[in-house]
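Subject: Structure handover

Hello,

Here is the structure you are taking over. Please open it alongside this email.

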Amino acid sequence: MPESFQLHDLDVHFDTFRRAYPRNKNVDAKVRQTLQLLRDRGDLGFLGGGRYRRLVPRPESSTAIDFACAAHLRSPSQRARVALETWANLNLWCYRCGNPTLIALPPNAPVSDLLCPACRAEYQVKSKNGRFGNAIVGAAFEPLMERLSARTLPDYLLIEYEADRSQVMLLNAIQGGELTPDRIAPRKPLSSSARRAGWKGCTIHIEGLPQLEIVGPRFVLRP
Ligand SMILES: [Zn+2]
């Protein structure tokens, strides 16, 4: 949660809580009880009127990636994607409003991965072992075009990392509002033998777009 928040700001997490504790039929009461426990522990201040303030400082951001968090996944590309999304979730902040935390959207969210609970800005994480070229692989084509015409595309967080060293080296952001329809090309639908047969992704051409530097070039000396 952000540094200060209201009870209803927790609503976006309720689906996650219900998935994690399917047998708990009183998630709402459990959340309130947990807030009281956190207050008694000195981690949370009650400001009155359903407003709260976190009293525990957020840990420093780090460029170290923990691949162990995705070790249970079978495909190497999925492991990398989940490890980098987890890194972004734990280490990034909202550069649009300065809120120190972002929350992870459900894995099936079509266009975005992270949400700022304070200003509702959305972010999509793209990661690459090495350097990005002039194009990135986008999400499902149609939902993305819908968000483009509604002018609600998320910002794209382009994370370049080195898998050998488990380090994020560079992170630039492209604002969703910079993308135009001519930059988005549909890809061939997945073949009928694929798990998601007929699913159509897209390619986003990013050449020449302004990029916001979030993590500067970082060089790790070889041991
Ligand atoms: Zn924000």
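The notes below go through domains, helices and strands.

This is a predicted model: local features need pLDDT of at least 70, side-chain atom pairs count only at pLDDT 80 or more, and totals for chains, interfaces and linings use all residues. Residues are numbered from 1 along each chain as its sequence is written.

Domains. The protein chain is split into domain 1 (4–54) and domain 2 (67–215). These bounds come from an automatic or database domain assignment. The C-alpha centres of domain 1 and domain 2 are 29 Å apart.

Helices. Helices (H or I, at least four residues) and strands (E, at least two) are DSSP runs, numbered from the N terminus. Arg19 sits in helix α1 (residues 14–20). Arg19 counts as exposed because it has 9 C-beta neighbours inside 10 Å. The cut-offs are 20 or more other C-beta atoms within 10 Å for buried, 12 or fewer for exposed, and partly exposed in between, with C-beta atoms placed from the backbone. From Arg19 to Pro143 is 124 residues in sequence and 25 Å in space, C-alpha to C-alpha.

Helix α2 (residues 27–40) has 14 residues. The expected span is 1.5 Å times one less than the number of residues. For α2 that gives 20 Å, and its end C-alpha atoms are 20 Å apart, which agrees. Gly42 follows α2, with a positive phi near 85°.

Strands. Strands β2 (residues 44–48) and β3 (residues 51–54) run antiparallel, joined by four bridges. Two strands pair if DSSP finds at least two bridges between them. Gly45 has Arg53 in β3 as its bridge partner. The hairpin of β2 and β3 has two residues between the strands, and Gly49 there takes a positive phi near 65°.

Best wishes
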